[in-house]
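Please look over the sequence and the model before reading on.

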Amino acid sequence: MTVESMKPTTPKTPGPSEPPLAGGGLPLLGHGWKLVRDPLAFLARLREHGDVVRLRLGPKTVYAVTSPELTGALALSPDYIISGPLWESLESLLGKEGVATANGPLHRRQRRTIQPAFRLDAIPGYGPIMEEEAHALVDRFRGAEVVDVTAEAFRVSVRISARCLMRGSYMDARSERITSALATLFAGMYQRMVVPLGPLYRVPIPANREFNRALADLHRLVDEIVADRRASGQKPDDLLTALLEAVDENGDPIGEQEIHDQVIAILTPGSETAGSVVMSLLNVLTEHPDQVDKIREEVKNVVGDRPVAFDDVRKLQHTANVVVETMRLYPAVWILTRRAVTETELGGYRIPAGADIVYSPYAVQRDPRSYERHTEFAPDRWLPGGSARVPKYAMAPFGVGNRKCPSDHFSMAELTLITAVLASAFRFEPAPGSDNRTHIGITLRPRRLRLRAIPG
């Protein structure tokens, strides 16, 4: 025996462990069947297994994050990029060169191009258009025996986005095509995300043909919008002009594909998410008539007897809280994914390079660890002092960090104005054939909301 052999050895410090595997997976499908059958309940239950949990989607291992603190760390860390099953399913729509899907220097340049359109001091310039569209929505509701809320919510959100950010009445005739195409695309893309069957989605069955027709129509629409603006020779001070005049890092005009993908990124996510929130807001006003009374009282105190105007929005605190609480319980963006670009650690667990990470704002925003009366609709929780008790990152409807939605102030102004205008004009009740159960696609919204808008 040598002296060296008698020296005590220093035990190796164990590295981060592997997260626990969620139960209930099936051969081939893994947990994908649960994400198809009842995704909201499945994702909410994952918190019972820990802050980080392994899932199987087909042949892939995916990591689910369930705590507010770690979703914030995930969104802010440079170790993770916009990628994964959600973004891969959206790639055929959004492309690879738009601000929604780009990463790194390209994303930073694109943010600099579009950010001026959403500065706080730019938002009042959109006020007259938002007012006009909100009051036109009232006129359409008044003329309808039964309101098809899905169609009207998407119509108003598409028209506001297009008219404010592209300054063109040429969008009037195209809003219906955009609305129809988006409804088909977002339903199909969710299935492609949770059940990634690859080549099988190219088989010419009716569902795939309908999806491909909608996708082709939307891309044609974007090409028409760009061509019409160029043919007009006009250069209004709007986001489309900024894109057509944008240059890359070398000072050269950006390419046609990037312009196309950027217009898609302006029209599609904003219209789809805002439209979904408008639907959820109308469902809330139907189910909670006491909130209609409170909004009316606030509007009366702030506005008096004249119509609600854009300049009133910042004073309508309770109305804004109704919007925020609706987005907490019914977030349009209910699932998000990221991809690790290097081997890293999250919550004490090892995350391998190239791994996909999924998290659900829906589950986080209904977590009883973060919210008292977590399933109750309670707008007053957002009063000063109350919101301070909500953990950081437990409520981030527009995202955080450099991926935060640049149009957050724009969207809040739009949604608060629409809510105040509609609640001031109507009470709502379900009409025959209405189905307010949750429709789960890439966004979250009521399935088929049909309402009677009762004046007074």
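## The largest pocket

In this predicted model, the lining of the largest pocket is made up of 17 nonpolar, 5 polar and 4 charged residues. The space in the largest pocket comes to about 600 Å³, and of the 26 residues that line it, Asp408, His409, Met412, Ala413 and Thr416 are the closest to its centre.

## Helix 6 against helix 7

Two packed helices are described by the angle between their axes and by the distance between those axes. For helix 6 (residues 127-142) and helix 7 (residues 149-166), the packing angle is about 155° and the axes lie 10 Å apart. Because angles over 145 degrees count as roughly antiparallel, helix 6 is described as roughly antiparallel to helix 7.

The crossing of helix 6 with helix 7 is right-handed. On the side of helix 6 the contact is made by Ile129, Met130, Glu132, Glu133, Leu137, Arg140 and Phe141, while helix 7 brings Glu152, Arg155, Val156, Arg159, Ile160, Arg163 and Cys164. Sorted by class, this contact of helix 6 with helix 7 holds 7 nonpolar and 7 charged residues, with no polar ones.

## Helix 7 against helix 11

Helix 7 also packs with helix 11 (residues 256-287), where the two axes come within 8 Å and cross at roughly 140°, an angle that makes helix 7 oblique to helix 11. This crossing of helix 7 and helix 11 is right-handed.

The residues of helix 7 that meet helix 11 include Val149, Phe154, Val158 and Leu165, and among those they meet in helix 11 are Val263, Ile266, Leu267, Met279 and Leu282. By class, the contact of helix 7 with helix 11 has 14 nonpolar, 6 polar and 1 charged residues.

Methods. Residues numbered from 1 in each chain as written. Predicted model: local features only at pLDDT ≥ 70, side-chain atom pairs only at ≥ 80, totals over all residues. Heavy atoms only, no water. Axes fitted to C-alpha atoms, helices over the stretch in contact; angles between N-to-C directions. Helix = DSSP H or I, 4+ residues; strand = E, 2+ residues; numbered from the N terminus. Parallel < 35°, antiparallel > 145°, perpendicular 65-115°, else oblique. Left-handed = near helix turned anticlockwise from the far one by under 90°. Contact = heavy atoms within 4.5 Å. Nonpolar A, V, L, I, M, F, W, Y, C, P; charged D, E, K, R; others polar. 1 Å grid on protein atoms, 1.4 Å probe; cavity = no way out; pocket = protein on both sides within 12 Å on 5 of 7 lines; lining within 4 Å. Points joined across faces, edges and corners; volume = space filled by probe spheres on them.
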